[in-house]
Amino acid sequence: MNRKRLKILAWIFLIGYGICILYWMFRGFGRTTQTEFRANPVPFKTIFGYIFNMNQQNIGTTIINLVGNVGVFIPFGMVLPYLFQRLQSYGLFIAFFTGSIVVLEILQIVLKVGTGDIDDAILNVIGASAGFISYRFFASKA
């Protein structure tokens, strides 16, 4: 496949996947508007809470929350540097991605949908970083 077609497909993927992520963050999983602001500004509080309170009844919830928050952001680490040359530098990529995720988490607080959680942002950045590493590995082989 030629580079121009691949770029078009990458754009289609980025837009479609981005819309899915926004839906999941703001409307999915049965989210409704809450009456109060909900936030966790304490790093690793939620992560450790899931890990230290894991048992047979909640292992699925723990895996979905921890692995899911990492896994769903891996594609961004692969597609963003492919589409935007400036984001091929890890420093610029991580600054852009972290800033974007923090804005989205703050919006969850302000709009009172879900919980703005620093741990979600940490896990999302780990996922995007894994995707970035994958992108760099495969780009070096091409």
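View 1. Helices are DSSP runs of H or I with at least four residues, strands are runs of E with at least two, and both are numbered from the N terminus. The model is predicted: local features need pLDDT of at least 70, side-chain atom pairs count only at pLDDT 80 or more, and totals for chains, interfaces and linings use all residues. Residues are numbered from 1 along each chain as its sequence is written, and side-chain values use heavy atoms, with hydrogens and water left out. Phenylalanine 13 counts as partly exposed because its relative accessibility is 36%, whereas tyrosine 17 is buried at 18% (buried is under 20% relative accessible area, exposed over 50%, partly exposed in between; 1.4 Å probe, protein chains only).

View 2. Rings of Phe, Tyr and Trp (its six-membered ring) pair if their centres lie within 6.5 Å; planes under 30 degrees apart count as stacked, over 60 as edge-to-face and the rest as tilted. By this rule there are 14 aromatic pairs. In one of them, phenylalanine 13 and tyrosine 17 are stacked, with 5.2 Å centre to centre and 15 degrees between the planes. Ring pairs join Phe13, Tyr17, Trp24, Phe73, Phe76, Tyr90, Phe93, Phe97 and Phe132 into a cluster.

**View 3. The largest nonpolar core.** A nonpolar core is a set of buried Ala, Val, Leu, Ile, Met, Phe, Trp, Tyr and Cys residues joined through side-chain atoms within 4.5 Å. The largest has 24 residues, of which Phe76, Leu80, Phe93 and Phe97 touch the most other members. Two or more residues come from each of H1, helix H4 (74-83), helix H5 (90-110) and helix H6 (118-141), and H1 gives the largest share, six residues.

**View 4. Surroundings of arginine 38.** Arginine 38 is found in the loop between H1 and strand S1 (39-40) and is partly exposed, at 37% relative accessibility. Residues up to four places away in sequence aside, arginine 38 touches Ile109, Gly114, Thr115 and Gly116 (contact means heavy atoms within 4.5 Å). Its side chain also makes a polar contact of 3.2 Å with the side chain of threonine 115. A polar contact is a pair of N or O atoms within 3.5 Å; within protein, one must be able to donate a hydrogen and the other to accept it, and residues adjacent in sequence count only if both atoms are side-chain atoms.
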